[in-house]
Amino acid sequence: MTQNEKVEKYFESELSMLPEESKDSLEVEEIKDICLKALEEIQQYREIGTAEEFKVLKEKNEPKNATFDNIYDIYICPDCGKSVGEHQNYCWNCGQAFSV
Ligand SMILES: [Zn+2]
């Protein structure tokens, strides 16, 4: 049974327990719609990644200062330590954003 089917089934049982005169109450249907829409939104986020993955990407996108290696005359990625070009904004190796 899918999550959507579980939500549908739950609300069906909730509706069946209501007294006959309140069964046409829109409130339960309204809450069910809110739950199904929220569930759909969560499912869309799950398709593109987890919160932990987003946290890592956000950190990678925050520019860090590249360090300059005076001996080899190159810039070094602040995250992975590979040499990077001074005119690039992201490390070719790990994707870390940096500024020089
Ligand atoms: Zn790197």
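**A strand pairing, then the whole chain**

A: Start with a bridge: Thr-67 has Ile-76, in strand 3, as its bridge partner. Strands here are DSSP runs (E, at least two residues) and helices are runs of H or I of at least four residues, both numbered from the N terminus. This is a predicted model, where local features need pLDDT of at least 70, side-chain atom pairs count only at pLDDT 80 or more, and totals for chains, interfaces and linings use all residues. Residues are numbered from 1 along each chain as its sequence is written.

Q: How do strand 2 and strand 3 pair, and over how many bridges?
A: Antiparallel, over three bridges, with strand 3 covering residues 74-76. Two strands pair if DSSP finds at least two bridges between them.

Q: What is the strand order in that open sheet?
A: The order is 2-3-4, three strands with antiparallel pairing. Strand 2 (67-69) and strand 4 (83-84) stand at the edges with a single partner strand each, so one side of each has no neighbour in the sheet.

Q: Which residues form the largest nonpolar core?
A: Six residues: Ala-66, Tyr-75, Cys-77, Val-84, Cys-91 and Phe-98. A nonpolar core is a set of buried Ala, Val, Leu, Ile, Met, Phe, Trp, Tyr and Cys residues joined through C-beta atoms within 7 Å. Buried takes 20 or more other C-beta atoms within 10 Å of the residue's own; exposed is 12 or fewer, partly exposed is in between, and C-beta atoms are placed from the backbone.

Q: What does Cys-77 touch?
A: Leaving out residues up to four places away in sequence, its contacts include Ala-66, Val-84, Cys-91 and Phe-98. Lys-82, Asn-93, Cys-94 and Gln-96 are also among them. Contact means C-beta atoms, placed from the backbone, within 7 Å.

Q: Switching topic. How many residues of helix 1 are buried?
A: Zero of its 15 residues, so it is hardly covered. Helix 1 (residues 3-17) reaches 21 Å from first C-alpha to last, close to the 21 Å expected. The expected span is 1.5 Å times one less than the number of residues.

Q: And the whole protein: which pattern does it follow?
A: Along the sequence, α-α-α-β-β-β-β-β. The radius of gyration is 26 Å, well over the 13 Å from the globule rule for 100 residues, so the protein is more spread out than a compact globule. That radius is taken over C-alpha atoms, and the rule is 2.2 Å times the number of residues to the power 0.38.

Q: How far apart are the C-alpha centres of domain 1 and domain 2?
A: They lie 48 Å apart. Domain 1 is 3-48 and domain 2 is 55-99, with bounds from an automatic or database domain assignment.

Technical notes. Contact = placed C-beta atoms within 7 Å.
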